[in-house]
Amino acid sequence: MKVGTFVIKIWRWLSVLLVIGALIWTYSLFPDMVAVDFSDTGLAERYVNKEHVFYIVMGLFLVNNVVISGLAKQIPNVDPEYLPIINRKIWARHRTDLNEHLINWLYCLVAVINTIIGFSLFALATINSNQYKLDVFDFSWLYYASIALMVMVFILPLRLLWTPAPEDKL
């Protein structure tokens, strides 16, 4: 197993634990009505019942971890001629490398979505808490971190533009 594959698998499992832990912890902290939309001045404009937040996050979590992970498990069964990649014929000869790149990309997508959900839950719980005097603007870093993670996910498939390196060159 390559280092990149190992790191992505560990990140994916840690992100699953992050979302489950964040969901349980934040559900216990949320008031009955959770502020989820804020004005430009930082005042809450829209509230949602905490059960609805729980079910929405749980639905996103299940779709993310079941559907996308299920799709990743089907990659080895797909004929490389039908994959939307450049140099299909060359990559078809290096099927194990192709499978590893595509599966890593999908697992990284799962990990990024889980990480964003987990940190968003923590931020939402902190904003809605009476203990902390933080407002919505204190969590603007989460927006930029989420964009950086999503850019990273969409840069990973660029590796497929180059042909695989022959094993004697490694």
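At roughly what angle do the axes of helix α1 and helix α4 cross? The axes of α1 (residues 3-29) and α4 (residues 95-127) cross at roughly 25° and come within 8 Å. Before going further, a word on where this comes from: this is a predicted model, in which local features need pLDDT of at least 70 and side-chain atom pairs count only at pLDDT 80 or more, while totals for chains, interfaces and linings use all residues. Residues are numbered from 1 along each chain as its sequence is written, and side-chain values use heavy atoms, with hydrogens and water left out.

Two packed helices are described by the angle between their axes and the distance between the axes. Here, axes are lines fitted to C-alpha atoms, for helices over the stretch in contact, and angles run from 0 to 180 degrees between N-to-C directions. The helices (H or I, at least four residues) and strands (E, at least two) are DSSP runs, numbered from the N terminus.

Back to our pair: α1 and α4 are therefore roughly parallel to each other (angles under 35 degrees count as roughly parallel, over 145 as roughly antiparallel, 65 to 115 as roughly perpendicular and the rest as oblique). Helix α1 passes α4 in a left-handed crossing, meaning that the near helix is turned anticlockwise from the far one by less than a right angle, where clockwise would be right-handed. The contact of α1 with α4 has 18 nonpolar, 7 polar and 3 charged residues (Ala, Val, Leu, Ile, Met, Phe, Trp, Tyr, Cys and Pro count as nonpolar, Asp, Glu, Lys and Arg as charged, and the others, Gly among them, as polar).

Now follow α1 to another partner. Helices α1 and α2 pack with their axes 10 Å apart, at an angle of about 170°, and are therefore roughly antiparallel to each other. The crossing of α1 and α2 is left-handed.

Next, the pockets. A pocket is an open set of points on a 1 Å grid over the protein atoms alone, where a 1.4 Å probe fits, with protein on both sides within 12 Å along at least five of seven lines; lining residues have an atom within 4 Å of a point. Grid points are joined across faces, edges and corners, and a volume is the space filled by probe spheres set on the points.

The largest pocket holds about 440 Å³ of space. Its lining has 18 residues, and Val36, Ser120, Leu121, Leu124 and Leu142 lie nearest its centre. Two or more lining residues come from each of β1 (33-38), α2 (50-74), α4 and α5 (140-155), and α4 gives the most, with 6 residues. By class, 16 of the lining residues are nonpolar, 2 are polar and none is charged.

The second largest pocket has a volume of about 340 Å³. It is lined by 18 residues, with Leu102, Trp105, Leu156, Pro157 and Leu160 nearest its centre.

Finally, some individual residues. Val36 lies in strand β1 and counts as partly exposed because its relative accessibility is 33% (buried means under 20% relative accessible area, exposed over 50%, partly exposed in between, with a 1.4 Å probe and protein chains only).

Arg46 sits in strand β2 (residues 44-49) and, at 52% relative accessibility, counts as exposed. Its C-alpha atom is separated by 8.4 Å from that of Val34, 12 residues apart along the chain.
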